[in-house]
Amino acid sequence: MKYRKNNKVSIQFSEIGFGAWGIGGVTRGPTSYGEVQYKTAIDALNSALNNGITYYDTSNVYGESETRIADAFSSIRDDVIIGTKAGLISYDSRPDYKVNSIQSSIHSSLKRLRTDYIDILYLHNVTIDELQEVSELLIFLDKLKLEGKIRSIGLSLPNLNSAKYLIKTFNPDFLQFNFNMMDWRVVDEGYLDYCDSKGCSIIARTPLAAGFLTGDITSKTTFSSSDHRSRYGKALIQKILEFRQELSYSLSINSSDLYEYAIRFCLSFDNIVTVIPG
């Protein structure tokens, strides 16, 4: 495993991280990757650590994810980097970025993770339209840093519509966004260079495009009602699979080998410190 560092906050990442949404198991509605047994989750976490993966990305709304990370790593807490998120209360309610709500969320996450600090706290799916108490929130986040409860601040964005405003406002250490061979928005809209100029590193979310950049998903694949991909229409899935085939053809490889190229593609950009496949 190779490692990359964000010099602004001196956090070193394994180039491949662990997206821990999937290990949390089922949440209400099509909001997870389906059922994952406890032993499967723990085995996956331990296997990742044994292969040099040090970064684990989770959230307060990822089912049992935080608890399972604690079960695997609480005895070796300082050997791993944990990023978690706050702002979403649940998938079927409006987000809440007010100070009291963020404070409550962090307290609950620390308890579930059985730790006294979080390496990266992200504002989860934050947009300019949902923000309230901005100045109070900035003061509160700085206070958390001074108290040692968080080491750094990140933004996990659903889109780039207000990204420059959010980056200027929060001066984050990390920006988390979808980036893969099918989704180049952070490059097309100049955010890799912009973030680099601000000392903000990119954490590439969905480097395997929710599994579609592997050979595991075909036109015959069905997703459980709890899997968020069950919301994809047949036309969209067919379009994605056709694009995957075009990628495989242009690279002269089998689609089953595309995942390695997908990871390498993301890591070919210097300001990406890690990718987080599930």
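User: In strand 4, which residue is the bridge partner of Gly-19?
Analyst: Asp-57 is the partner of Gly-19. Strands here are DSSP runs of E, at least two residues, and helices are runs of H or I, at least four, numbered from the N terminus.
User: How many bridges join strand 3 to strand 4?
Analyst: Two, and the strands run parallel. Two strands pair if DSSP finds at least two bridges between them. This is a predicted model: local features need pLDDT of at least 70, side-chain atom pairs count only at pLDDT 80 or more, and totals for chains, interfaces and linings use all residues. Residues are numbered from 1 along each chain as its sequence is written, and side-chain values use heavy atoms, without hydrogens and water.
User: What about the whole sheet?
Analyst: The sheet is open, with eight strands in the order 3-4-5-6-7-8-9-10 and parallel pairing. Strand 3 (18–19) and strand 10 (272–276) are at the edges with a single partner strand each, so one side of each has no neighbour in the sheet.
User: And strand 5, how many of its residues are buried?
Analyst: Six of six, in residues 81–86. Buried means under 20% relative accessible area (1.4 Å probe, protein chains only). One side has Ile-81, Gly-83 and Lys-85; the other has Ile-82, Thr-84 and Ala-86.
User: Which residue of strand 5 is the bridge partner of Tyr-56?
Analyst: Ile-82. Three bridges join strand 4 (residues 55–57) to strand 5, in parallel.

How values were computed:
Buried means under 20% relative accessible area, exposed over 50%, partly exposed in between (1.4 Å probe, protein chains only).
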